[in-house]
Amino acid sequence: MRLLHTADWHLGKILKGVDRTPEIGEALKSLLEIVRKERVDLVLVSGDLFDRPQVSAEAEGHAVEFFLRLRELGVPALVIAGNHDPKERLEALSPLFALAGAEVRGRLLFREEGGVVEAKGLQAALLPFVSERVLVKRVLQEAEERHRTYAEAMRRVLANLASPLMLGHFALEGVRPGGGEFFFHLAGSYAVPPSALPLSARYLALGHIHRQQQVSEAPLAWYSGSLIQLEFGEGEDADRGALLVELPPSGPARVHPIRERWGKPLKTFRLKKEELDGRLWEMERFPGYLRLVVEGRLSPAEKERLYRALPHLLAVEGAGDLPPPSPGGAEVGLKEAYARYLGERGEKEALLERFEEVLKEVESETLAAGA
Ligand SMILES: [Mn+2]
């Protein structure tokens with residue numbers, strides 16, 4: 001049996017005003033080509049098909065077309081919602097997707113409720129993203145206790161759903177972040193310990209982390225990675241694409257990474273002000289989208305000149321506005337981690353202020369609930 005494992009499409013993604021949907025749509029066409037050529041039997045989509053609760057009709061159209069084309073090829077699909085997906089909407093549309101041969105799961109169902117399905121004669125567990133807030137009671141005050149509770153709850157969910165094939169959308173401890181989700185990692189936030197992965201699983205198809213990587217040997221677990229480079233903060237050279245998984249009737253599964261460079265690359269140039277003119281040609285020739293971090297103040301007119309000269313320049317930032325990321329991803333405070341995250345995304349103060357307000361609200365509520 002040959003599986004194609006994909007995740008983190010993020011249809012509807014808008015990066016600093018640029019809609020990435022056409023690039024993602026092209027990547028999906030390439031995926032279909034792989035399904036056809038490699039005679040794939042079953043497609044696994046491990047969450048984050050969409051980037052946000054409300055996406056454009058074009059974004060939805062690409063997803064619908066993908067599953068209709070799969071149906072034409074006679075290939076069924078298993079699909080789970082990620083944290084970015086409109087999970088209620090996916091759940092509501094699931095009977096329609098089922099007509100196209102795609103089993104779509106928006107919310108968590110335990111085994112007794114139908115959380116394990118059969119696909120091509122194989123038992124497959126569907127574990128969509130489960131919000132930390134659902135799993136962790138707010139009365140638990142200590143961060144450490146909350147993290148332990150989350151890990152324990154996920155351990156029970158995974159044990160309940162233990163199956164030869166499992167789809168999941170969560171962060172696994174010790175994972176190398178892909179950039180888009182690095183706030184999670186830096187804040188030392190919620191993650192599932194590898195020991196919670198059921199040993200009886202022959203393959204775990206994971207989504208959530210955008211860098212393609214194997215995260216467990218026994219049981220075998222991989223993140224397929226995103227289709228395209230979605231954020232400047234995601235390493236240009238980081239592996240992504242999709243995975244072709246061979247699952248023989250018995251014996252271990254074999255994983256063949258498909259490391260494609262779909263979509264436009266994103267690159268950050270970090271330059272001193274006086275280097276700008278000398279490096280302009282290099283930036284002009286770069287085939288993707290650019291972000292420029294300049295050491296030294298630039299006047300609005302100077303910025304304007306750069307935007308005119310470089311049509312694919314999406315952001316100009318001053319260096320030193322934010323502290324550089326700490327080496328090794330050491331633990332930092334929530335506020336600092338969020339400031340860095342905003343910096344990576346090129347968004348700034350207004351959101352940070354709002355974040356502080358929300359943080360205070362949550363803290364006072366947590367105290368009140370604990371009292
Ligand atoms: Mn994602």
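Biologist: What should helix H2 span, at 1.5 Å a residue?
Modeller: H2 covers residues 57-73, so its 17 residues should span 24 Å. The end C-alpha atoms are 24 Å apart, which agrees. The expected span is 1.5 Å times one less than the number of residues. Helices (H or I, at least four residues) and strands (E, at least two) are DSSP runs, numbered from the N terminus. This is a predicted model: local features need pLDDT of at least 70, side-chain atom pairs count only at pLDDT 80 or more, and totals for chains, interfaces and linings use all residues. Residues are numbered from 1 along each chain as its sequence is written.

Biologist: Which residues of H2 are buried?
Modeller: Ala59, His62, Ala63, Phe66, Phe67 and Leu70. Buried means 20 or more other C-beta atoms within 10 Å of a residue's own; exposed means 12 or fewer, and partly exposed is in between, with C-beta atoms placed from the backbone.

Biologist: Why are those on the same side of H2?
Modeller: They cover an arc of only 120° around the axis, which puts them on the same side of H2. The arc is that of the directions from the helix axis to the C-beta atoms. An α-helix has 3.6 residues a turn, so residues three or four places apart point the same way.

Biologist: And which exposed residues are on the face turned away?
Modeller: Ala57 and Glu72.

Biologist: What covers the buried residues of H2?
Modeller: The cover includes helices H1 (21-37) and H3 (87-99), plus strands E4 (42-46), E5 (77-80) and E6 (102-105).

Biologist: What comes after H2?
Modeller: Gly74, with a positive phi near 75°.

Biologist: Switching to E4. How many of its residues are buried?
Modeller: Five of five. Leu42, Leu44 and Ser46 are buried on one side, Val43 and Val45 on the other.

Biologist: Which way does E4 run against E1, parallel or antiparallel?
Modeller: Parallel, with four bridges joining E1 (residues 2-6) to E4. His5 has Leu44 as its bridge partner. Strands pair if DSSP finds at least two bridges between them.

Biologist: How many bridges for E4 and E5?
Modeller: Four, in the parallel sense. Ser46 has Ile80 of E5 as its partner.

Biologist: What do E4, H2 and E5 make together?
Modeller: A right-handed β-α-β unit. Right-handed means that, with the strands pointing away from the viewer, the path from the first strand over the helix to the second runs clockwise.

Key
Contact = placed C-beta atoms within 7 Å.
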